[in-house]
Every structure is written in C-alpha cells, then in structure tokens.
Amino acid sequence: MNKNENQKFDVVVVGTGNAALCSAVAAKENGMNVLILERGPKEKRGGNSFFTDGAIRFAYQDKHALKPILSHLTSEDFAKISMPEYQEADFHQDIISVTEGKSDPELSKQLVEKSYETIQWMKQQGVAFELNENQSFDNNGVQQFWGGLPVKTYRKGIGLVEALFQKLESLGVEIRYDARAVQLETANNKVSGVIVEENGVRKEIQAKSVVLACGGFEANKEKRMKYLGKEWGEAIVRGSEFNTGDGLDMAMKAGAQPYGDWSSCHAHTTDFQAPKVGDYKKPGDIYKKSSYPLGLIVNANGERFVDEGADFRNYTYAKYGKETLRQPKQKAFQLFDEQVRPLLRAEYHLEEATCIKANSIEELAEKMGVDKNKFLETVRDYNDAVQGGEYNPAIKDGKGTKGITPPKSNWALSFQKAPFYAYPVTCGITFTFGGIQASKYSEVLDENQKPIPGLFAAGEMIGGLFYGNYPGGSGLMSGAVFGKLAGESAASYVQQFAKAISE
Ligand SMILES: Cc1cc2nc3c(=O)[nH]c(=O)nc-3n(C[C@H](O)[C@H](O)[C@H](O)COP(=O)(O)OP(=O)(O)OC[C@H]3O[C@@H](n4cnc5c(N)ncnc54)[C@H](O)[C@@H]3O)c2cc1C
C-alpha cells in the first residue's frame, strides 16, 4: 500500500451527495482543510441526491416564512398561494405517525428543530428553491398546497448538487473521483485517516477526522437480500449504483453500532420498464408513479391490495412500493379513468412513462394481461362500494368506499369514464433505513454510546430516524441537517484536538 502524500487533512468527507457536500461546506466555513472522496467518476457524482425530485421538508410558521427561501416570488405571487401552517409539531407528528412512534426522539427532534434554519443556510450557500407544484391543486385561481412539502430545490436534485459543487469549487475544496474509501485508520483510539482505493491501488490518506456520508446499502443485492428479504434481490435501484454499504462496514469495523431499521427501506412504485439502476443521463426522478391516490391499484391477478386513498402520497408511497414487490411477478397496475387523468402528475405524461390505454374496461384487462374475470369483478365491487360526498383532491375528503377490503378511504370516484389508462409499475428501492448510531451532533457512537473520536456521519448512514416508512422530503433535509452538523462537529473536534496537542 502506498503511503499517500505527506499532507494531513483536517476533515476527509466520504461521498458527494447532499449530506457530504453540506458537511464539506460547513467544515470549510469553519476553517478546516477539507478533502472529499467520491467512489464514482466525475460524471457520476452526486449520489442519490442527484437523482432526487428535490422535494425538501421543513417546518415553517406560515407561507410568509417561505419568503426568504423563495425570494424570487413577489408579494403578488404569494397572494395567490394558500397553504396550511406546518409547525415543528406538525413535522414531528408526521415522523411519529409514519414510523409508528419508533423514530429516535433525540434525532427526530433535532431534524425538525434545525430544519428551517438549515434550509436558510442552504440558500445562503447558493442552493435555489422553487414551489413544489406537484403538491398543489388549483382552487378557483388560488394555488392550494397540501401535505407539508411546498418547496423543492430548483432543477430538482441536479440543481441541488450543482449549486453545492459550485460553492465548494469557490471555496477551493479538493474532490477526488474514482476514489473508493475502504477502511478507516485509527491511532491512539482516534480516527487518523482513511484507506482509499484509486485505480486498483490502495493508499492511506491521513486525516484528523472523517465524515462518512456515503449512503446506505440499497445498491448491494446481497445485502438487500440478507437484511430486507430475498424478494429485494429483484428490486430496481432508483438511484446511485455506488451505495453498497461501504461506509456502514467501515464504521462498524471501527466500533460503530448498527442502529435503526435494518429490515426495511424506502421504496417507490416505479415504471415497470425503468432502468435497473439510476441512469445518470435521465435523472430527475422521472420513473416514479405517485398519483395512485386518485385511482386504483391492482396486481397481475386483477386484485386490489392496498388502500390507495389512505393518505396523501407523501405518507404512503414508500410503503406501497414494498407492497408491490410482494405481489405476483413483482408487478402492479395503477388505473385511472378520464375523470382524473388531467390531475395526474407530470411523470405520467413523459415519453418514458409506460401507458396502456383502452376504450373499455374489458379491453383494458386484455391489454394488461391480467385475469380478466377477476379484474372485472374487482372494478365492479369497487364501483358498487363508492360512497357519496364531495370529491376534493386537495384535502383528505373522506369520500371513501364501504364494504370492501381493502377500502379506499379518500378520493373514491367510480372507475367509469373512458378512455381508461393502466400504468404498469414495480418496486424501486430508494434508500435503506438501517444505519449506524450517531448523536444528535452527528458523532458516531460506540457500544457505550460514547463518540468515537474523529468519526462523524450524515445522511442515509445515520440509523434510527426512519422505520418502515418516512415522510417524503425528509431524506434531503436529514442529509442537510446532519451533514451541516457533521461538518461543524468535525471542525470543533479538530480545533479541540489541535489545541490539546499544542498544550
Ligand atoms: C430517485 C430518487 C428520488 C428521491 N427523491 C427525493 C426527494 O424528492 N426528497 C428527498 O428528501 N429525498 C429523496 N430521495 C432520497 C434522497 O436521495 C436521500 O435520502 C438523500 O439524497 C441521501 O443523501 P446522502 O448524501 O446520504 O446519500 P447520497 O446522495 O446517495 O450520497 C452518497 C455518496 O457516497 C458515495 N459513495 C458510496 N460509497 C463510497 C465509498 N466507498 N467511497 C467514496 N464514496 C462513496 C456515492 O457515490 C455518493 O456520492 C430520492 C432518492 C432517489 C433515488
């Protein structure tokens, strides 16, 4: 193994996703000499963060609190927008309810309480934001937002990582590509560096501290099958091919504790024809299919298997992706009739969207290749079960079904108006929930819950926040909050460490 250059870095950050980039900016802003290591080549940088839709969740008082973040909007623009408040208590309650109360209280509190100041900090670093139109409906000329997620990064994940790379470039931070971190080095019980593989050669890079922000194990088929279940071997990987769990292995070898929900992950119903791993030439999360609360979902047997209208898509899509994987042939169809088709999200109208169209329900069944009789029975039973009430996709309207299992709890309209549309979908894994244990300041903890000196983590690598499900848009916010904190904590550790040596 080569002993690398004599240079010793204050902070080595592993990864170039949102969490890593935020942590590198924060460390540099705090006076650190920072190096970033990226496993992929330059053209495949940015991790899962690059592939995102850019939806980012934070707590805010009311729509006026969005003004500093959406500074390009005028007062007239704001006058045409309506949205419910989304206070810290609301964000926190969303985490509690989707994780069934299992989220680590300290970590989730930190995520929520730091969310608003962190989004302002991101803006100061050059990240631009825009309204998340997907989360709104036109209500007589007023844009009505719902679901606590009214903002996304400008130009989705592409714009997010581009802005952070630009910031780091302006700060003169070095990034090494094709540099896979494989092992942490320690001396006197402190992290002292990282072993990196570059062009097949192993080198040691000396560092006073290391921030691991190199994702979960979603792109590792063996690990998926081992921890999530055999069926996960077949899942499409929606994002980076490089998140194979290296960081988790390295951290645990250095004494970190596995933490959180290792048997579950975030998944999404994804176009059946989507590429098997994220295609860097087609980012922007174009293969997901999120408008199912407006329609019906059936499996290849022609049977419904989830309550499509249990809640807004933000709170169910992660769970329903997984349910799809459990269905025959890991396949399902999202169904819409002409009444709701104009309300479908943009991804349904892209040329990449696989769509089956038919003028009758019988013809639709034939084209889908499902059990026709069963399918017709499913639709008939559903139509018979639809109850009255006022249909309103902007709120949980309570217009549901009665007497069928599973029910459709909101937004239940009869499936009756031709033409009819079916979108074949399967399950795409987004990221894994299991990680390592970290403090609320992003310090990696050992078996005694004590910080491992010099080791920090952020983003997908931190376990304990999400269990079974997560509120949409929390992944980017978690990466930003704990990424920034990891950079700051590493800087403060290095300053103390330097002081201790000089004393
Ligand atoms: C298609 C898609 C859409 C999504 N949409 C949203 C959304 O709209 N909102 C939201 O909040 N979340 C979304 N997510 C989830 C979100 O991407 C993640 O929660 C978040 O980006 C994770 O950030 P991260 O920095 O922890 O990891 P990543 O962004 O995945 O970064 C990990 C980095 O580590 C690098 N790496 C891995 N191993 C090594 C190694 N050994 N050495 C060096 N580098 C290594 C990778 O190449 C990568 O650069 C989406 C994810 C996908 C895939």
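For "domain: FAD-dependent oxidoreductase 2 FAD-binding", the UniProt record, an unreviewed entry, lists residues 10–474; UniProt positions are given in the numbering used here, feature names are shortened, and annotations may be inferred rather than shown by experiment. The model is predicted, so local features need pLDDT of at least 70 and side-chain atom pairs count only at pLDDT 80 or more, while totals for chains, interfaces and linings use all residues. Residues are numbered from 1 along each chain as its sequence is written, and side-chain values use heavy atoms, with hydrogens and water left out.

**Exercise 1. The listed span**

Describe residues 10–474 by the distance between their end C-alpha atoms and by their helix and strand content.

Solution. Then turn to the secondary structure, where helices (H or I, at least four residues) and strands (E, at least two) are DSSP runs, numbered from the N terminus.

**Exercise 2. The ligand and its surroundings**

Work out how many residues surround the ligand, and how they divide into nonpolar, polar and charged.

Solution. Start with the shell: a residue is near a molecule or strand if one of its heavy atoms lies within 4 Å of it, and 39 residues surround the ligand in this way, the closest being Glu38, Ser49, Ala55, Asn243 and Leu476. Next, sort these residues, with Ala, Val, Leu, Ile, Met, Phe, Trp, Tyr, Cys and Pro counted as nonpolar, Asp, Glu, Lys and Arg as charged, and the others, Gly among them, as polar. The shell then divides into 13 nonpolar, 18 polar and eight charged residues.

Now look at individual atoms, using the polar contact, which is a pair of N or O atoms within 3.5 Å (within protein, one must be able to donate a hydrogen and the other to accept it, and residues adjacent in sequence count only if both atoms are side-chain atoms). A polar side-chain atom of glutamate 38 is 2.5 Å from an oxygen atom of the ligand, and a polar backbone atom of alanine 19 is 3.0 Å from an oxygen atom of the ligand. In alanine 55, a backbone N or O atom lies 2.7 Å from a nitrogen atom of the ligand.

Finally, consider area and elements. Taken alone the ligand exposes 1000 Å², of which the protein buries 98%; accessible areas come from the Shrake-Rupley method with a 1.4 Å probe, and for residues only the protein chains shown count as cover. Two or more residues of the shell come from each of helix H1 (18–29), helix H2 (47–51), strand S9 (179–187), strand S18 (420–432) and helix H12 (474–502), and H2 gives the most, with four residues.

**Exercise 3. Lysine 152 and arginine 155**

Decide for each of these residues whether it is buried, exposed or partly exposed.

Solution. Lysine 152, found in strand S7 (residues 151–153), is buried because its relative accessible area is 8%. Its side chain makes a polar contact of 3.2 Å with the side chain of aspartate 53. Arginine 155, in the loop between S7 and helix H6 (156–171), is partly exposed because its relative accessible area is 37%. The phi of arginine 155 is near 60°, a positive value in a residue other than glycine.

Methods:
Buried < 20%, exposed > 50% of the residue type's maximum accessible area, 1.4 Å probe, protein only.
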